[in-house]
Amino acid sequence: MKICMVSEHASPLALLGGVDAGGQNVHVAALSSALARRGAQVVVHTRRDSPGPPRRVPLADGVEVDHVPAGPTRPVPKDDLPPYMRGFAADLRDQWARERPDVVHAHFWMSGKAALSAARPLGIPVVFTSHALGVVKRRHQGSKDTSPPDRVQTEATLVRDVDAIVATCTDELFELVRLGAPGSRVSVVPSGVDLAAFTPDGPVAPRAPGRLRVLFVGRLVERKGIGNLIEAVAALPGTELLIAGGSDRSELDQDPEAARLRRLARLSGAGDRVTLLGRVGRAELPALYRSADVVACVPWYEPFGIVPVEAMACGVPVVASAVGGLIDTVVDGGTGLHVPPRCPERIVEALSELAADPAERARLGAAGARRAQALFSWERVGALTMNVYRRLRDAPGQGVTRAGSRTGARRPVGTRP
Ligand code: UDP
């Protein structure tokens, strides 16, 4: 099967931890590789954001990254990309007219829009994964949401017009249906974890004895709740908090969010117990996870959340907000503890409970590793995703795409056909 992934801002080759480089990059890279291991030929189309690399770069056996020229050849914040997406889509259409993929899988709304406009005239089925819905972002971020104004409406149109949707968690399924997606076209397939690298056994990063080590891993953005976590750790003198993410450690001083977090730590009296590590490379992460007593993921909302799954795979209990994908991945009392979002008091309670009971931490950690192995291998994610593609290829009537068929024009709500 020939598969084209579209991931306009999130390149599988990017360094992770920056504002616009996180779970989507990991997901697209690992899913593409898993599909290639099942015999597919995969091309990942992403916007060229530096002049250096060649147009096509191999990522793994059977997977190539295609750098599509669209806009300046430098990093552009993803919310500023819409003016360049028409050119991006035109390039895809030219390529797909020359070499037709069996299926296109678009990641994030701008990719969805570009993929649909390029693939629909050619009769190629389009699968969409949102990675984050504008309607959810707006609900939680309000006036701080910098998304382009047409995002929510575009997503509402997209979820009705694509042939199939892969949601990464149950909560997203509900959001999609509320947005107008036909439930019959939505499959829930989680994101995954590299179970060869993220294991309970292996090297452990050095640590000082005597303190409970709490670890955060992720992009340094406000909605990840790192501020809430710092407040909680400040109230627990026997704990230290390591924060992995953001730019390289040497450049962290220029990062305004890092400065805000450091200030918060100082003001709350935990300046000497909170350490910002900056970006941590993939190869070093498993040892860092293993060195932690608890991994804390306490976002205000979270479309999926690969970090808690990585933590579980390394056998570490997770304190997680009961939001989004974390409701599916972390089992409250089974592989970690759930807390409400934006609630430092409840994070304090959860961390205190775990600090007082090493045996319970070990039980939760071991159960997390078993859960990660059973449910979140990329092999399983690849197989489930391939089933979605096969259904579209082999039973074409199920999606909406046939060459020359419906164009996505919709009948206004409440009118008869
Ligand atoms: N990550 C990393 N190094 C860092 C910070 C983050 O490799 O310094 C990775 C992390 O291990 C995870 C991804 O970035 O694989 C973040 O994904 P997640 O789904 O948790 O959050 P998102 O970025 O999608 O909001």
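Modeller: Two strands are taken as paired if DSSP finds at least two bridges between them, and with that cut-off in hand the sheet of this predicted model can be read strand by strand. Strand β2 (residues 41–47) and strand β4 (residues 63–68) run parallel and are joined by 6 bridges; within this pair, Arg47 stands opposite Val68 in β4. The pair belongs to an open sheet of 8 strands, whose order is β3-β4-β2-β1-β5-β6-β7-β8 and whose pairing is mixed. At the edges stand β3 (56–60) and β8 (186–188), and because each has a single partner strand, one side of each is left without a neighbour in the sheet. On average, and with direction ignored, neighbouring strands of this sheet are turned by 25 degrees against each other. Helix α3 (residues 109–119) packs on the sheet, where it touches β1 (2–6), β5 (103–107) and β6 (126–129), and the direction of α3 makes about 155 degrees with that of β5.

A helix pair may be described next. Helix α5 (residues 151–161) packs with α4 at an angle of about 150 degrees, the two axes lying 8 Å apart. On the α4 side the contact is made by Gly134, Val135 and Arg138, which meet Arg151, Val152 and Glu155 in α5. Sorted by type, the residues of this contact of α4 with α5 comprise 3 charged, 2 nonpolar and 1 polar.

As to the domains, the chain is divided into domain 1, which takes in 2–192 + 379–398, and domain 2, which covers 212–375. Their C-alpha centres lie 28 Å apart, and 21 residues of domain 1 are in contact with 18 residues of domain 2. On the side of domain 1 that touches domain 2, the elements giving two or more residues are α1 (23–37), α4 (134–141) and α6 (170–179). The residues of that side divide into 10 polar, 8 nonpolar and 3 charged.

For a further parallel pair, one may turn to strand β13 (residues 318–321) and strand β14 (residues 336–339), which pair in the parallel sense over 4 bridges. Here Val318 stands opposite Gly336 in β14. Together with helix α11 (residues 324–329), strands β13 and β14 make a right-handed β-α-β unit.

Methods: Residues numbered from 1 in each chain as written. Predicted model: local features only at pLDDT ≥ 70, side-chain atom pairs only at ≥ 80, totals over all residues. Domains from an automatic or database assignment. Contact = placed C-beta atoms within 7 Å. Nonpolar A, V, L, I, M, F, W, Y, C, P; charged D, E, K, R; others polar. Axes fitted to C-alpha atoms, helices over the stretch in contact; angles between N-to-C directions. Right-handed = clockwise from strand over helix to strand, strands pointing away.
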